[in-house]
Amino acid sequence: MVPEECRFTKEHEWVYAEDDVAVIGISEYAAGELGDIVYVELPEVDTEVQQMDPIGTIEAVKTVAELFSPVSGTIIEINEEIIEDHETVNKSPFADGWFIKIKMEDPGELEVLFSYEEYQEYLGEQAGE
Amino acid sequence: MQRWFLIDDGPSSGAVNMAVDERLLSMVGDKGGEPFLRLYSFDPPAVTIGYHQDPLKILDVEKLRGDGIDLVRRITGGRALLHEAELTYCVAAPAGSPSFNGGLQETFIGISRAIVAALRSIGVKAEIASGKPGMSSGAMASPCLVSASRHEIVCRGRKIAGNAQRRTRTAFIQHGSILLAPGSERITSYLRGDWGGLEDLVTSVRAERGAAATGEEMREAMKASFAEAYGAFFEPFVHGNADREIIASLARSKALEFSAVAGGRRNG
């Protein structure tokens, strides 16, 4: 996944769409803010979700953050590797550290998410630039 | 000046204390309003464990029960912690609050600075440790007080306060303990595995200045330092009846979670 080709949420998740399948993970910024990830809780395959439904949690050394589904649809795959080896999320948030794949109900929902450029601006605002 | 709500609570059981903090997270997110500062303590002493921890793997639960110590799960991260001889705080704020408009780490730093100022105002030379970013020290079974992380509050390199956060789309809470006197290091006698003594890793107000802070002294110092740090003025907050019912229900389920473990008793 190339960050420039992803859409982003205010909650620092990314979505990479291939036809009607969305691959979802957390951004490099989020992984850095959280620090070492020690636990990942993901939903079951075949779970149906609506856009921005909570779908799990990610725990770092001090923080539990909730994960949200950036799009509506059905979860078709979860990344077992990050459940076993949490470091993958810190090491490779945009590639091997992906979380879930969702078969989207409406790819048009991606339009309400940030583009890469808009997400960079959002990060700048958060940093008080 | 921004209005904050203040909840100046007395001691409660672990289940009740964690229920109130959980309620604050949903309340403040729903309302999208002012931040909260809650100050409280535990009676009886309680061990809280992190959100994803399995108590049977890390603790001798039977021994805890035998010694009259509560066991309750936090909704926040971090590891097992014995709450005894401390002042506990909880900060809850909605996403986008003017007091917390930065990211996760900035929030940790801001709150840590306010706590350091409170400790210094009562004569404890606390500081924020530089620590490796997000460093997790060893197994999940290790106690909270030996896990080093960014923005820990230390005196002479020893931890004097711990903290943990939960973040949702709409809000966050951060709660933590300020050690007033020795006691919390007793956690090692309940942990599985040999963790040795924590005496060289943790300290307390009493150890640093030769006299323990009373809970009241620390509370006043915290109110003053948070007001200064965040340009805040405090308005006392009292839970309404509906809130009390929600908190009581949450507390019951938290107390029941481990009631069947090792012949535990109901509490809260």
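The following conversation concerns the predicted model shown above.

Visitor: What should I know before reading the residue labels?

Guide: Residues are numbered from 1 along each chain as its sequence is written, and chains are lettered from A in the order in which they are written. In this predicted model, local features need pLDDT of at least 70 and side-chain atom pairs count only at pLDDT 80 or more, while totals for chains, interfaces and linings use all residues.

Visitor: How many helices and strands does chain A have?

Guide: Chain A has four helices and nine strands. These are DSSP runs numbered from the N terminus, where helices are H or I with at least four residues and strands are E with at least two.

Visitor: What is the strand order in the open sheet of six strands?

Guide: The order is E1-E2-E3-E9-E8-E5 in chain A, with antiparallel pairing. Two strands pair if DSSP finds at least two bridges between them.

Visitor: Which are the edge strands?

Guide: Strand E1 (7–8) and strand E5 (48–49) of chain A each pair on one side only. Two bridges join E1(A) to strand E2 (residues 13–18) of chain A, and Phe8(A) stands opposite Trp14(A) in E2(A).

Visitor: New topic: what do E6(A) and E7(A) form?

Guide: They form a hairpin with two residues between them. Five bridges join E6(A), residues 54–60, to E7(A), residues 63–68, and the two run antiparallel. Within this pair, Pro54(A) stands opposite Phe68(A).

Visitor: And which strand of chain B is joined to E7(A)?

Guide: Three bridges join E7(A) to strand E9 (residues 158–167) of chain B, and these strands run parallel. Here Thr63(A) stands opposite Gln165(B).
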